[in-house]
Amino acid sequence: MIDRFAQAVARLEVDGDWLVEALTQHMRSMPSTDPSLSADDRKLLLADVASSLGMPIDREASAIGRGDLHLKIVRTWLNSVCATLSVDETKTFLQIDDEELVRRVASRHLVPVKLNGQLRFPDWQFDPRNSPMKTIRNLPDIFESLEADGAGWQSDAAFMATPQDSLRAVVATTPYQWLQAGGAVSAVLDLIDGRDTL
């Protein structure tokens, strides 16, 4: 099993040591089955969840028992991590040096997140069509609004990638696509402010 995992990571052609260490830390932080629940309490809880989802309890219990819930959590985390760039990848994409990277971070024209002791840059902030910065327009304003919202970087990344009905050209677009297409930044800021009221 470990050999298959190592082969899969090697095939990705990424920094495998960093990815495995970050994944390991994330999985260690995940709660295991709550030991305070008795077998009867766990069964009642599963019955309640299964009935609310309209599925047979034995199927739900089997799925949870084999680790489906934990797998979904890990997949969500991996999707978020894979939508980030390392410092070197960011400098290469933006064609900048260390000094310019520090300047952009200090001026909030780039915002990193720290994962497993390494700075990573969520990729939704980049726009190759917006030269010379190669980031989406009005990024400091967007970061300020997202930070005030306090949802966290993974929620922010999901928000920027989720189609929003109020950002409509022909069809609902994501905030990222809206900004890339030249849509009003104020429309995205209004949506971020509206997340607080949900």
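**Burial and salt bridges**

Tutor: Arg104 counts as buried, at 4% relative accessibility; buried means under 20% relative accessible area, exposed over 50%, partly exposed in between (1.4 Å probe, protein chains only). This is a predicted model, in which local features need pLDDT of at least 70, side-chain atom pairs count only at pLDDT 80 or more, and totals for chains, interfaces and linings use all residues. Residues are numbered from 1 along each chain as its sequence is written, and side-chain values use heavy atoms, with hydrogens and water left out.

Student: Which residue forms a salt bridge with Arg104?

Tutor: Side chains of opposite charge can pair when their charged atoms come close. A salt bridge is a side-chain nitrogen of Lys or Arg within 4 Å of a carboxyl oxygen of Asp or Glu. Here Arg104 pairs with Glu100, with the closest N and O atoms 3.0 Å apart. Both lie in helix H7 (residues 98-106), four residues apart, about one turn of the helix. Helices (H or I, at least four residues) and strands (E, at least two) are DSSP runs, numbered from the N terminus.

Student: Where do the partners Asp149 and Arg195 lie?

Tutor: Asp149 and Arg195 meet in a salt bridge (2.5 Å, N to O). This pair links distant parts of the chain, with Asp149 in helix H8 and Arg195 in helix H11, 46 residues apart. Asp149 is buried at 13% relative accessible area, and Arg195 is buried at 18%.

Student: How many salt bridges does the structure hold?

Tutor: Eight salt bridges.
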